[in-house]
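Please examine the sequence and the structure shown below. The report that follows describes one chain and its contact with a neighbour.

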Amino acid sequence: MNLALPLPEYGVLGLALVVLLYDLVVPERVSRRALGWVCALGFAGVLALLLRSDAPQVAPVPTAFGGMYVADGLALAFKTLIVAAAMLASLASLDYLEARGVRWQGEYYLLLTLVTFALMCLVSAGDLLTLYVALELNSIGFYALVAVLKGRSLTSSEAGLKYLILGALSSALLLYGISLLYGLSGTVSLAGLAAWAAGAARSPALVVALALVAAGLAFKMSLVPFHMWAPDVYQAAPTPVTAFLSVAGKTAALALLVRVLDAALGGFIGVWDKLLMVLMAATFVWANLGALKQRDAKRLMAYSSVAQAGYLAIGVAAGSALGLQAALFYALVYVFTNVAAFQVLQLVAESGGPELSGLRGLGRRSPGLALILAAAVLSLAGIPPFGGFFGKFYLFAAGVREGIVAGRSWLLALVGLAVVMSIVSLFYYLILVKQMYIEPADPEAPGTGGPVAVPLGARLVLGVCAAMILWTGLYPSPILAWIRQALF
Amino acid sequence: MSAALAGFPILSAIWLAPFLAGIALMFAPASWTRAPRMVALAASAVSLALTVALLFAFDYRAAGALQFQERWTWIADLGVEYRLGVDGISLLMVALNAAILFSGVLASWGLRERSKEFFVLLLLLGGGVFGVFTAFNLYLFFALYEIAVLPMYLLIGVWGTGPKEYSAMKLTLMLMGGSAFLLLGILALYFGSTPHSLDIPTLQRAAASGQFGIAFQRLWFPVLFLGFAVLAALWPFHTWSPDGHASAPTAVSMLHAGVLMKLGAYGCLRVAIGLLPQGAHLWAPAVAALALVNVVYGSIGAASQTDLKYVTAYSSVSHMGMVLLGLATLGTLGLSGAVLQMFAHGLMTGVFFALIGLTYGRTHTRHLPSLGGLARVMPFVAAAYVVAGMAGLGLPGLSSFPAELLVFLGAFLHGGLFFRVVGVAAVSSIVFTALYVLRVLQKAFYGPITEPKYLELKDATFVERVPVVFLLSIMVVVGLWPFPVLRLIDGALAPLVQALGGLPR
């Protein structure tokens, strides 16, 4: 057994220990703001480690702990995204927490690192049990992170509680599905399941098990109708947590969908792809229509994130190498795009409030911020020359390929629906643009007068994200090569 | 190809000059108020000068072949290449865009409000349009197409008049809705060809070798055609056009009606008809029927509007119907007429919108009944309007005449009874065209002066006259001597007509 295999995870755990010690040693009256920088640097180190490691290019992939931990390229790629998101979230948090005088800053950063650790274990899970434990660890961490504004914001506590209850329900569904799968196959190892699925016959119990597993995963991915928690939680959580939850949480959920459905249960694609396609169709329609009438910027972005999860799932439903590559590429674009959007909204909300109208006149007040937010939402809408354009092109290509080459015309119809609904999404993304550039600033409203202050942490976040949004759109080839190498 | 241009990436330079100037201008200090228009003029002048050089260097004997090619691998995974080239049709459209962009910048010379942002978006739009007309990889084509359409949202939303936000949103969503279908169609072409390709010449060869089966063509031709035809304002998807053109500021109306709508027709011709010719045959009667509605409905609409911009916008719907009708005939005559009409209408409508902008800037109304007798104080504007209006109703000697004649002949000589009827019905629209053109002239420019304050108005200044005279002179030259242009178009269409398979002319 190769104990050195989970080196990145050890790094993040070590970072968690550093945070814990710092919180213990440094006197109470000293601000914990510096922990944001410590975490950002720590995550940057782990990120460098991940980027330098090569994905295994020959089977069998290296495993540890008796096959419960898999270090394949898929895990490596998704971990890179998760750690990058964690780094950006730390940078976005430091001034946010300080401005609000949050008391539990030490705990906040500890939870952030532990959640990251759990997400990394999750995407490396080689076994339904590791998967479940890692899923619970990250969910519990997120419940607390969402409610970290306790005492300052009632809605934050409410959202934490709501998330906890619904999350527990979905975990129970998933666990029940897992137990049924175990009962049917006699194994909890994903590799074992794959071997079993290749030859097993379909049975009613199998359909129930698949439905339960799909429901549990759809909750984490926030596919309609399991998205109910998302708008409330996204709106009420501290904005850096919203950003982290929306990108890292969703990315890890995507990895799970790939691992469980495509890899382990690929033999039953004819069963679960119907389930998934129903969820996706509901997601495209409901999330995009729901976003139309939102007045709160974060809530609007919550609906947008739900819709984006639907697009990501196209790659999974395609079930092909092309689909997987496209989903991973889109997830990468989505991480940086969504973080950029939430970062701008966070800065603007400091002065202008959470409503969309707080964005009024931003194009004149802070042209740089307005430009980045415009680029981010247009990228989410799939407009060139930003990363979202190629990302969607690639994802839809994976879907259309299945439709034309493999004759799965339902998937083709689903892509058609996705394309049409992405025009609906353009409407609400353009509303953000309209607020910034067309609506004049209201001289009466507080905080919509002068330019928005941008602290150093946020500057770094925005710089990285803007560069990535452009890079992924203008010259994605190196990134595609990296993805191909990871997924070989 | 002349030796002087050997090795110089002239097509990249043409589209990147405005595009990069726009991006650079984005980062200029906000305190600049006069410099943006100079930058815009310089950038569009560079494109215009390069286009003139291109016109001289182009090999007219090989108008059907791609010239001045540039080809680089961009994203190897999906066969995405940066591939540029011009054939005769592209050349004509590039020339049109160069003329209209240059004139549009001059027509916005007096713009004061947020001028930096305005010229940034105008340059991005103009650069994107150049790119689409020269792109020969479908991915590049599609990306530039969206880049050209999207700035319109802010250009209308910020600088427009009337219900500008409504019009801007409607226009953007309808056009992007069309492009959503394009995306599907393009992917279908990619996966329908073996080996998969997004390269337009490769796909043309694939089409010629019969790789796209009849069922495939029947399904995907309407998807691609409608995707483009929304931008060409095909009825009933034209509703963005009157609102959008009426709300847009002058230069934006000029560019939009002048060249952007041509992108739609160009896409129909190059991609939908060019790559799926059998599908085009199957669907041609339906397209012709809708185009006929465009022609007739647009001219009736123009005759019943009282806002000057709405009159011109509806006339654009009518004239674009003529283009689409020409395309639907799928024969040399009709197709050449369609392409020439794209060019002629672009020039004509550019003049119209420039003149309306001039009038509106002075009278502050475009309401026809409250205008009157302007010819007495603004003789230049009135005279120019007369010339453009005569072009609109197809007076011989102006560029629209040969174009419309060819379209009508193409429809009439198509052979099928249906097309003959459509052709005859389309000709009848000239009555309404005469009605609305003469009504505007008579009401706004002749007759008694309705308001005493109109007596104080000044005629167009020198800067305002330049774009109008420039565009009008091209119209007259092409109208009096259309044969070089027609030879260019015929040469460029020859491979396509051959692919369409020896239809009766």
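Where in H1(B) does a kink lie? The kink, of about 40°, is at B:Leu16, shortly before the proline B:Pro18; the bend at a residue is the angle between axes fitted to the seven residues ending there and the seven starting there.

This is a predicted model, in which local features need pLDDT of at least 70, side-chain atom pairs count only at pLDDT 80 or more, and totals for chains, interfaces and linings use all residues. Residues are numbered from 1 along each chain as its sequence is written, while chains are lettered from A and ligands numbered from 1 in the order in which they are written.

Chain B contains 20 helices and two strands (DSSP runs, numbered from the N terminus: helices are H or I of at least four residues, strands E of at least two). The C-alpha trace of chain B spans about 70 × 60 × 45 Å along its principal axes.

The buried residues of H1(B) include B:Trp15, B:Pro18 and B:Phe19; a residue is buried if 20 or more other C-beta atoms, placed from the backbone, lie within 10 Å of its own. The buried residues of H1(B) pack against these elements of chain B, where contact requires C-beta atoms, placed from the backbone, within 7 Å:

| Element of chain B | Residues |
|---|---|
| helix H2 | 35-57 |
| strand S1 | 67-75 |
| strand S2 | 80-86 |
| helix H3 | 88-107 |
| helix H4 | 115-134 |

Of the 505 residues of chain B, 62% count as buried.

The contact between the chains takes 25 residues from chain B and 25 residues from chain A. On the side of chain B that touches chain A, H7(B) gives the largest share, 13 residues.

Technical notes
Contact = placed C-beta atoms within 7 Å. Buried ≥ 20, exposed ≤ 12 C-beta atoms within 10 Å, placed from the backbone.
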